[in-house]
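Thanks for coming. I will go through one protein today, first the whole chain and then a few residues.

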Amino acid sequence: MADTKRTAKLTIDGNDYELPIFSPTAGPDVLDIRKLYAQAGVFTYDPGFTSTASCDSTITYIDGGKGELWHRGYPIDQLAGKSHYLEVCFLLLYGYLPTADELEDFESLVTRHTMVHEQMINFFRGFRRDAHPMAIMVGVIGAMSAFYHDSTDISDPWQREVASIRLIAKLPTIAAMAYKYTIGQPFVYPRNDLDYASNFLRMCFAVPCEDYEVNPILARAMDRIFTLHADHEQNASTSTVRLASSSGANPFACIAAGVACLWGPAHGGANQACLEMLKEIGTVDRIPEYIARAKDKDDPFRLMGFGHRVYKNTDPRATVLKQSADEVLELLGVENNPLLQVAKELEKVALSDPYFVEKKLFPNVDFYSGIILEAMGFPTSMFTPIFALSRTVGWISQWKEMISDPQMKIGRPRQLYQGSTLRDYMDIEDR
Ligand code: SDX
């Protein structure tokens, strides 16, 4: 942490307190309030953590005002254009871009760990066929904590490494199995002669009755979607993984907690909700009705895929995905996809509406990802599982950073108590 002698003075009831100010390598300064309660007997209050830095990190940086996203200092548009998902995984995990030999070794290691323990198939059998794939992912990933005992001692760097590779390698297999299970098709095993994205597409769309050739343009678009969702600072699901892991819990169980949090429609579930919203709007002429609903304080409806806690200008990932959407839909000959027409018109109308301009609401990563995934043949229920498998490397990288920090403490927020003051128990006959 960049140290500094600068301090902020806080005066409470005539008493002055000096709070150290730390300056980051990028982004806003932070006030160190770790000793505030001990010195001043007060808590800070920040539900939703809109102004709170929960940790220091070197992995990802977001500039919400400029609409910038860096992974280990490299801007997301360059990574999306020049790199690929497994290289970005290496970058997030180890902090630097690999040499050709390092990348080859890493990709080979991941490829050779894509199978899951054969007995894990039994876990799928317990779900109803109409179970949401995210429910299955939470269950099966949590169940990994009962299988891989040789990679759960988090104090052992080697076991942390093994758990990391296992999760990155097996998440696509588990996500594809969740999809196959819900559509009643047999599971398709991974193949070591395919790259990561092609393997996932084949595990989802191949059937025993005929060969499945992966379209390289779709594989590239899939890989780009993985890359754009890989990590995103201390978002809700990453913070969930950090908090769960701070107690020393099993890493597989902690990732399952992250999957559960990501499922929410305000977070990773927004891609499914966004596409369902576009389908509900249906035609361009119905957009004004939904814009009015989004502005109506008495209507809980929100434009899914719009707005962001941090980005207040543009989500750089949406910019890249918008290009991919055009490429993929043109390739598939569905550039006139009515959903894409509604999406593009909705974006244009929303961005010219004073309400959205004033509240700085614009398309986020979830706005275009759903359109691409639907065009690729995925049902909306598979959108968030794909987000989850992409984000696993981010969760794991943040987990490793926290667990390997000797200063790590269990997370234990306090509260502003507004409940009853002390009172005696009343016997039932006296109530
Ligand atoms: C992701 O954190 C991350 O990094 C997340 C993520 C990642 O990669 O991990 O980027 C992935 O989760 C992207 C966000 C996906 N969610 C959605 O698209 C759901 C729709 N968006 C909203 O739910 C909302 O914008 C949030 C949750 C994304 C952000 O909410 P905030 O920052 O807590 O803002 P807010 O809810 O306090 O809203 C501020 C104002 C409110 O109006 P006022 O009370 O000030 O009058 O803006 C309004 C809101 O009503 N508003 C919207 C809106 N989002 C906010 N109004 C209409 N439509 C919307 N989408």
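I start with how the model is to be read. This is a predicted model, in which local features need pLDDT of at least 70, side-chain atom pairs count only at pLDDT 80 or more, and totals for chains, interfaces and linings use all residues. Residues are numbered from 1 along each chain as its sequence is written, and side-chain values use heavy atoms, with hydrogens and water left out.

Now the whole protein. Its secondary structure comes to 18 helices and six strands; these are DSSP runs numbered from the N terminus, helices being H or I of at least four residues and strands E of at least two. Along the principal axes, the C-alpha atoms fill a box of roughly 75 × 65 × 55 Å.

Of the 431 residues, 48% are buried. Buried means under 20% relative accessible area, exposed means over 50%, and partly exposed is in between, with a 1.4 Å probe and protein chains only. Among contacts with a separation of 6 or more, 69% join residues 24 or more positions apart; a contact means heavy atoms within 4.5 Å.

D223 lies in helix α9, residues 216-228. How buried is D223? Its relative accessible area is 9%. Beyond its neighbours within four places in sequence, D223 is in contact with H84, Y85 and A197.

I154 is in the loop between α6 (133-143) and α7 (157-182). This residue is also buried, at 14% relative accessible area. Leaving aside neighbours within four places in sequence, the contacts of I154 include R160, W399 and I403. From I154 to V241 is 87 residues in sequence and 14 Å in space, C-alpha to C-alpha.

Last, the cysteines. How many disulfides does the structure hold? The number is zero, where a disulfide is a pair of cysteine sulfur atoms within 2.5 Å. For C55, the closest cysteine sulfur is in C261, 15 Å away and so too far for a bond. C204 is in no disulfide either, with the nearest cysteine sulfur, that of C209, 16 Å away. As for accessibility, C55 is partly exposed at 28%, whereas C204 is buried at 1%.
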